[in-house]
Structure formats: C-alpha cells, structure tokens
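Here's a quick briefing to read alongside the coordinates. Have the viewer open and click along as you go.

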Amino acid sequence: MDIQRRRGQTAQGGGGAPFLVKVFIAESSTAVGGQELAVLLHAEGLLKRGHDLRLILEPQSPIAQMALDKQLPVTLMTMRKARYPQAIVSLRALMARHRPAILQVNSSRDSWIGAVASRLVQPRPKLLRIRHISAPLNRNLMTRLLYRHLFDMVVVTGGDRTKRELIERDGLAADRVASFPIGLDVDYFCPAPPDRDLRVELGLSKEHLLVGLISYLRSYKGHEYFIEAARRLSARRNDVTFIIVGEGPEEWSIRTQIEHLGLPTRIRMLGFRQDLLNVFRSFDVFAIPSVEGDTIPQVLMQALAIGIPVVSTTVGSIPDVVIDGETGFVVPPRDAGALADRIATLLDDAALRARLGAQGRSLVQRCYSLDKMLDRMEGVYHRLVGAEA
C-alpha cells in the first residue's frame, strides 16, 4: 500500500505527519452534472498537491472525455450492471498492480464493484464513499450492509445538518461520517462584467433584468416551480427574462411546460453552455429551487462566489450557505409563490442585490474555497491511512 511522506509541509487536516497517498477515484455515472464535474475538480486539485491518483471512469461518458482532454490519469472500465463480474475482476487486477491506499467511490455501481474488488486485494485499500445527495438511504439489507460495514468512511458533500441526518436518521456511526461542500476556485469564479452579456445575444436592452437557473435537468432541481414563479412574475412586469441553462432527461417536459404556458419568449432555454462565467455574470438573480436530494448544489456555490444573490430552498444543507437575508433567501421546497415573492424582492432592490451578493462571496472565500475542501479531504485520508504511514 503506497503512502509517502510529504517533505517540508505541515499535515493537512491535522493529526500526525504529513503524507501523500495513492488513491483511485471511481465514477460510473454517464451524466454530466455537479457530481461528475466535482470528481474532476477533486482529481485535479489532489494531483497538483502531489498525490498519486488514477480515475476509473465509464467509457463514452462525458467526464471520461473531459479527463482525457485534461491529460489526467484515467483507466476506462465498463461498470454497467450486466458487466459487474468483469468489472470486479478488472478493478481487482488494477488495484493488485498499483496498490492504492484508498479507493474513493461516488455512485451506486462503482460502490458495489469497489466494495467487492477491494476485498479481493491484500493489503485491502480503504473504501471511501463520497455522497453527493441528501436523500435518505434505502432501508434494504444490502444498502445497510454497504454503508454500515463495507465503507470505511462516508463523506457527504454538504454541511453539518446533512451529516447529522446520516447519523441520526440512517444509523451510521458518527466517527465514520464527515461532511464538507465541494470547494471551488474563488479566483476563477469571481465578480466581473461578462465578456459578452447574454442580453446582447438575446436582443434585450442593457437595463433588462435576468433571473437564471443553471443545472443538469433532473426532476429534483425544481424547474417546474421556477417556471411557475416566472409565470407569476411575467404577468406583473415586462422588464425581466428567465433563463434555464443545462441539458438532461427532463428537457422535453420542461420545454413542454413552457410552451403550454405560452412563455417561450419570457423563459429562454439555452441548453448546455461552455461559457458559464459569461452566463453567470449576466444574471441579476440566481435561483435553484431544489425539491429534494441536493446537498449544496455546486452551481449555487459558484453563483455566490461570483457575487450573485441567490434564492433557493431549505433542502439539504443549502441553508448553511444561503443564509436567509444575508447571502440570499431560502423558501420551502415546492412553493412557487414564495419563490416568486423572494425573486421579486431582489428584482425591486438593486442595493439589496449588491449587498447580499457581496456577503455571499465573502462567505465562500472564508469557508468554501477549493484549497479548504482539499485540506478537509486530506484530513479524511489521514484518518483512514495515516496510522499506517
């Protein structure tokens, strides 16, 4: 098992001598949302710090191509359920050859493959699960086996309230659960005028207001409530347009709802965008009305870092970062009326938008930078294998 001392530095995360660790990070998802992009973000950051790292990714997945484009160390491995036996054999052989100290898994399929394969290797790598959602664990026997016995530790990408739920609601041992949000590069996600304002692209005046929602188009992101809030506000004012950015399985139903309400000119769907900084910086308000499942959406953190006031919901650990009246507003999930009212409050008050936006960026800079997240991740690594260094 490969663990190396890091010379000339203090320990990240505390407790014992500094070290570098060999880690495999597996992700079987073929989607491209905050979870999948976080896997790449973490990998890049850990590699820059000197860790020996390899990504195990599904062939043909968008993040596999992104990782290859970034020249990250990647092994492509089919992890579909029909191929579980072959994947277990392949991963076991790869770990026997490279001897990682930690196998870090992110989704259901790679978790089960990793749980079995890691137990066929000596010495056994520690199995670390990164959980990107706040939904309750399934109560079946297999899920209890996985989370209570096979994972050495679980990290949930949220705050303390999400961690408490895993302990108190789902019965996980407190000493085997950690929580911290996905960090972000606060120098990259910073306030600035857009290079090309969306208003120009959409043929709108520079005084026109934009309310945006950026996310993978999943049902639990709450697009239907964003659209209903947009309908209510569009009936009262003509100086605002609502923007939906992203792609995903709910695209058809979202487009259908917009068409049915007769709002295709007031709610614009822009699809997947490469120029997210320009998109963010064009917004006056950012809204993400998650209804369940989310911990702290990465796009929410990005909006805060750029200095955009946010309206979101009380789901997961969102209230830990969207502090009501300080960095934005939170409303109950599935409440389009409350969502519309809070968006209207911000649209009506430019000074309030500026104040909440500045306070949101300050919070992210203090507590949620990528470096702070990597420090915490290294602290988890040290807890898992530091005693063996």
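This is a predicted model: local features need pLDDT of at least 70, side-chain atom pairs count only at pLDDT 80 or more; totals for chains, interfaces and linings use all residues.

**Helix α2 and what sits over it**

- Start with α2, which spans residues 62-69; its buried residues are I63, A64 and A67.
- Those three sit on the same side of α2, because they cover an arc of only 105° around the axis.
- Just past the end of α2, Q71 takes a positive phi, at about 60°.

**The α4/α5 pair**

- Helix α4 (108-118) packs against α5, residues 141-150, with the two axes 12 Å apart and an angle of about 60° between them.
- Angles from 65 to 115 degrees would count as roughly perpendicular and those under 35 as roughly parallel, so α4 and α5 are oblique to each other.
- The crossing of this pair is left-handed.
- On the α4 side, S111, W112 and A115 make the contact, while α5 brings M142, L146 and L150.
- Sorted by class, that contact of α4 with α5 has five nonpolar residues and one polar, with no charged ones.

- If you're checking omegas, look at the bond between Q122 and P123: it's cis, with omega at about -5°.
- P123 is in the loop that runs between α4 and β6 (126-131).

**Two arginines with positive phi**

- R99 isn't a glycine, yet its phi is positive, near 55°.
- You'll find R99 in the loop between α3 (84-98) and β5 (102-105).
- Is R99 buried, exposed or partly exposed? With a relative accessible area of 37%, R99 is partly exposed.
- R334 is another non-glycine residue with a positive phi, near 65°.
- The loop holding R334 runs between β14 (328-331) and α13 (336-347).
- R334 comes out as partly exposed too, at 46% relative accessibility; the exposed class would need over 50%.

Definitions and conventions:
Residues are numbered from 1 along each chain as its sequence is written. Side-chain values use heavy atoms; hydrogens and water are left out. Buried means under 20% relative accessible area, exposed over 50%, partly exposed in between (1.4 Å probe, protein chains only). Helices (H or I, at least four residues) and strands (E, at least two) are DSSP runs, numbered from the N terminus. The arc is that of the directions from the helix axis to the C-beta atoms. Axes are lines fitted to C-alpha atoms, for helices over the stretch in contact, and angles run from 0 to 180 degrees between N-to-C directions. Angles under 35 degrees count as roughly parallel, over 145 as roughly antiparallel, 65 to 115 as roughly perpendicular and the rest as oblique. A crossing is left-handed if the near helix is turned anticlockwise from the far one by less than a right angle, and right-handed if clockwise. Contact means heavy atoms within 4.5 Å. Ala, Val, Leu, Ile, Met, Phe, Trp, Tyr, Cys and Pro count as nonpolar, Asp, Glu, Lys and Arg as charged, and the others, Gly among them, as polar.
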